[in-house]
Amino acid sequence: MGRNNERNIKAHNDKLHKAQDKAKAKKKAREEKLKEITRKFNENKT
């Protein structure tokens, strides 16, 4: 795909940002899951 015109640049950027947002959401979900596991572990510990 040539990115030398406005429409192709926009399509490329949209695809890129969608992938970045997906990766960011995945990382956030992993952090939340880890927090929940840690919280449960600490509850059971006491």
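**Charges along a helix**

Guide: Asp14 and Lys10 sit four residues apart in helix α1, so about one helical turn separates them. Keep in mind that the model is predicted. These two residues form a salt bridge. Their closest N and O atoms are 2.9 Å apart.

How open are the two partners? Lys10 has a relative accessible area of 52%, so Lys10 is exposed. The cut-off for exposed is over 50%. Asp14 has 40% relative accessibility, so Asp14 counts as partly exposed.

Helix α1 covers residues 6-45. Lys22 lies in this helix, and Arg30 is found in helix α1 too. Both belong to a positive surface patch. The patch is formed by Lys18, Lys22, Lys26, Lys27 and Arg30. Residues in such a patch have no salt bridge.

Lys22 counts as exposed because its relative accessibility is 65%. Arg30 counts as exposed because its relative accessibility is 53%.

One last distance gives a sense of scale. Start at Lys22 and go to Leu34, 12 residues apart in sequence. From C-alpha to C-alpha, Lys22 and Leu34 are 19 Å apart in space.

Methods
Residues numbered from 1 in each chain as written. Predicted model: local features only at pLDDT ≥ 70, side-chain atom pairs only at ≥ 80, totals over all residues. Heavy atoms only, no water. Helix = DSSP H or I, 4+ residues; strand = E, 2+ residues; numbered from the N terminus. Buried < 20%, exposed > 50% of the residue type's maximum accessible area, 1.4 Å probe, protein only. Patch = residues over 30% accessible without salt bridge, like charges linked within 9 Å, V, L, I, M, F, W, Y side chains within 5 Å. Areas by Shrake-Rupley, 256 points an atom, 1.4 Å probe, with all protein chains shown as cover. Salt bridge = Lys/Arg side-chain N within 4 Å of Asp/Glu carboxyl O. Lys, Arg positive; Asp, Glu negative; His and termini not counted. Charge placed at Lys NZ, Arg CZ, Asp CG, Glu CD.
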